[in-house]
Amino acid sequence: WLYRRFLELDGNFAQLCREVEAMPYLFPAFEDWVDKKTVSRFHMKQIIDGSYKGNYKPVGNGLRSILSNPTYIGWWLPIDGGVIEQNHEPIIDEVLFTYAHKRISTHDLNGQRQKPARTAVHNEVPAVLKKVLYDENGNRYYAGRPHGGLYRCIKYKGMRSDTLCSVPIRTIDGAFLEKFFERLQEWKGGEDWEEKVARKLEEEETREALITKQIKEAELKLAEITDTVNTPGCPKSMKAELFQQYEGLEQKKAALEKELPSSRKAEEEQDEDEALFQIGTILPRLLTKWDGLPLKERLRFVGALVQHVILSHPSPGWLKMEIVWKRLDWQTDIAFIRRKGSGERWTMDEEVLLRTLYPTEDARDILRALPKRNWRAIKLKAIELGVRRSLAVKNSLMVSSDVADLSFEDIAYAVENSLVLSTKNLQWSN
C-alpha cells in the first residue's frame with residue numbers, strides 16, 4: 001500500500017507522511033505466538049497508550065527506510081558488502097520499488113551517491129549559510145526559493161514537519177557578510193597551510209598504523225580461540241570461558257575500527273585547510289569579487305571559517321544571530337536585527353482585551369496587556385474589528401514611528417540588551 005500510494009501521490013513524500021500520520025496506526029501489534037526476540041528487533045515506534053496501544057506507526061526516517069529497502073524486491077545486502085539478487089521471493093513489484101527508490105534514496109543500488117529525483121532544487125539557492133545555520137535548539141535552517149528566498153527552520157514531529165521560523169535569505173546573509181568581510185580584513189590568512197597539512201597527515205598515519213596493528217592482534221586472538229573451541233575434546237567449561245573472551249575481543253575490534261580515521265573526514269579537513277590557504281592568497285581580490293565566485297566556492301570559504309551560526313527569535317520584533325568562528329582568536333559575534341512583528345493569528349482572548357481596552361485605556365497599558373503586539377498592529381486590528389479610540393485619551397507613552405512596530409516584549413528585550421530603539425540598522429555585540 002505504501003509503495004502504491006506513493007506512486008498515486010506522484011512522489012509527494014510529505015503528503016504520504018501526513019496521510020500515515022493521520023492513521024490510528026500503520027502496522028498492527030504482533031500476535032502472542034510471535035517470538036519476543038523477533039518483536040524486540042522490530043525497530044518502529046509503538047503506541048504506548050489509548051485504544052490503539054501496542055500497534056505501530058513509523059517516524060519519517062522509518063518511512064524512508066521502508067520505501068528504499070531492496071529487501072522487498074528479493075535482494076540481500078550482506079553486512080560485509082556486496083549484493084545478492086534474487087535471494088528470496090520479492091513482495092514488491094520492481095517497477096514500484098524503482099520509482100520510490102529514485103525519489104527517496106541518497107544512494108543507488110550499487111552504493112554510489114545519487115541525487116534524489118525530487119530534492120535537488122533547494123541546493124542551488126544562493127544562500128551562503130545553508131550548511132551552518134541552526135536555531136538555539138539545534139534545529140536546522142533550510143534554504144528555499146519561495147518569496148525571493150527564505151531560510152526556514154523546520155522541526156520534525158513524527159512524520160510531520162512544522163516551520164518554527166522563516167526569514168529572508170538576503171536579510172541574514174547580508175548581516176553575516178558584513179561581519180565576515182570585516183573579519184577577513186583583519187586576518188592575515190593561512191600562510192602555514194602546507195606545513196600544517198603535512199604535520200596532520202603524519203599524525204593521522206601514525207595513529208592509523210597503531211590502530212591497524214591492534215586490530216590485527218585482535219583478529220589473531222579471535223582465530224586462535226576459534227581453533228581451540230573447534231578442537232575435539234575441548235572441555236565445556238573452557239568453551240564457556242573462551243566464548244566470553246571471544247565476545248570481548250569482538251567488541252574491542254569493533255571499537256578500534258570506529259577509531260580508524262575516516263578518509264572522508266580527512267579529505268574534508270584537508271579541503272578546509274586548503275580553503276584557508278586560498279582565502280589568504282586571494283584576500284585582496286576576495287572582498288571585491290565575492291559575488292562573482294561560484295556558490296560552491298563561497299560555501300567552502302564560509303565553512304572553513306565558521307563553526308556554526310545560531311539564529312534565534314527572542315521576541316516578535318527582534319532576531320538574534322550568533323556567529324561562532326572556528327578561529328580561537330575570534331570572539332563570537334552577535335547581531336541584533338529588527339524585523340516586522342509577529343504575523344500570528346490573533347486569539348479570541350486578545351480580541352476581547354482589545355475591544356475592552358482600546359477605546360479608553362493608556363497605550364502603555366494596552367501594550368503591556370498585549371505584550372506580543374505592536375501599536376501599529378493593534379491599530380489595524382481595531383479598525384478591522386470596528387473598535388474606535390476616544391479622542392479624549394492622552395497617552396503617557398509617545399508611540400512614535402521609531403517604536404510603533406515594537407511590542408512590549410520587543411522594548412523589554414531591547415532594554416535588557418542595551419539596544420538602541422531609534423535605529424533599524426544592525427546592532428553588533430560580542
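In which strand does Lys57 lie? Lys57 belongs to strand β2, which covers residues 56-57. Strands here are DSSP runs of E of at least two residues, and helices are runs of H or I of at least four, both numbered from the N terminus.

The model is predicted: local features need pLDDT of at least 70, side-chain atom pairs count only at pLDDT 80 or more, and totals for chains, interfaces and linings use all residues. Residues are numbered from 1 along each chain as its sequence is written, and side-chain values use heavy atoms, with hydrogens and water left out.

**Lys57**

Lys57 is buried and has no salt bridge. Buried means under 20% relative accessible area, exposed means over 50%, and partly exposed lies in between (1.4 Å probe, protein chains only). A salt bridge is a side-chain nitrogen of Lys or Arg within 4 Å of a carboxyl oxygen of Asp or Glu. For charge, Lys and Arg count as positive and Asp and Glu as negative, while His and the chain ends are not counted. The nearest side chain of opposite charge to Lys57 is that of Glu21, 5.0 Å away. The side chain of Lys57 does reach backbone oxygens: that of Glu21 at 2.9 Å and that of Met23 at 2.5 Å.

**Nonpolar cores**

In soluble globular proteins, nonpolar side chains tend to be buried together. A nonpolar core is a set of buried Ala, Val, Leu, Ile, Met, Phe, Trp, Tyr and Cys residues joined through side-chain atoms within 4.5 Å. The largest one in this model has 36 residues, and those with the most contacts inside it are Leu129, Tyr151, Ile172, Phe176 and Met321. The elements that each give two or more residues to this core are β4 (141-144), β5 (150-157), β6 (160-168), α6 (169-185), α10 (295-305), β7 (306-315), β8 (318-325) and β9 (333-338). Helix α6 supplies the largest share of this core, 7 residues.

Leu129 shows which residues meet there. Leaving aside neighbours within four places in sequence, Leu129 is in contact (heavy atoms within 4.5 Å) with Tyr151, Ile172, Asp173, Phe176, Val302 and Val309. Apart from this core lies another, of 22 residues, including Phe13, Ile66, Trp75 and Phe97.

**The sheet**

Five strands form an open sheet in the order β3-β7-β8-β9-β10, with mixed pairing. Its edge strands, β3 (133-134) and β10 (427-429), each pair on one side only. Two strands count as paired if DSSP finds at least two bridges between them. Strands β7 and β8 are antiparallel over 7 bridges, and a hairpin of 2 residues joins them. Within this pair, Leu311 stands opposite Met321 in β8; Met321 is also among the residues with the most contacts inside the largest core. Strands β8 and β9 also run antiparallel, joined by 6 bridges, and Ile323 stands opposite Asp333 in β9.

**Salt bridges**

The whole structure holds 16 salt bridges. The table lists three of them.

| Pair | N to O distance |
|---|---|
| Glu19 and Arg5 | 2.7 Å |
| Lys179 and Glu182 | 3.1 Å |
| Glu409 and Lys372 | 3.3 Å |

The bridge between Glu19 and Arg5 links distant parts of the chain: Glu19 is in helix α2 (residues 13-22) and Arg5 in helix α1 (residues 2-8), 14 residues apart. Glu19 counts as partly exposed because its relative accessibility is 21%, and Arg5 counts as partly exposed at 22%.

Lys179 and Glu182 both lie in helix α6, 3 residues apart, which is about one turn of the helix. Is Lys179 buried or exposed? Lys179 counts as buried because its relative accessibility is 8%, whereas Glu182 is partly exposed, with a relative accessible area of 38%.

In the pair of Glu409 and Lys372, Glu409 lies in helix α14 (residues 408-416) and Lys372 in the loop between α12 (363-369) and α13 (375-385), so the bridge ties together parts that are 37 residues apart in sequence. Glu409 is partly exposed at 27% relative accessible area, and Lys372 counts as partly exposed at 44% relative accessibility. Salt bridges with shared partners also join Arg5, Glu8 and Glu19 into one network.

Note on methods: A polar contact is a pair of N or O atoms within 3.5 Å; within protein, one must be able to donate a hydrogen and the other to accept it, and residues adjacent in sequence count only if both atoms are side-chain atoms.
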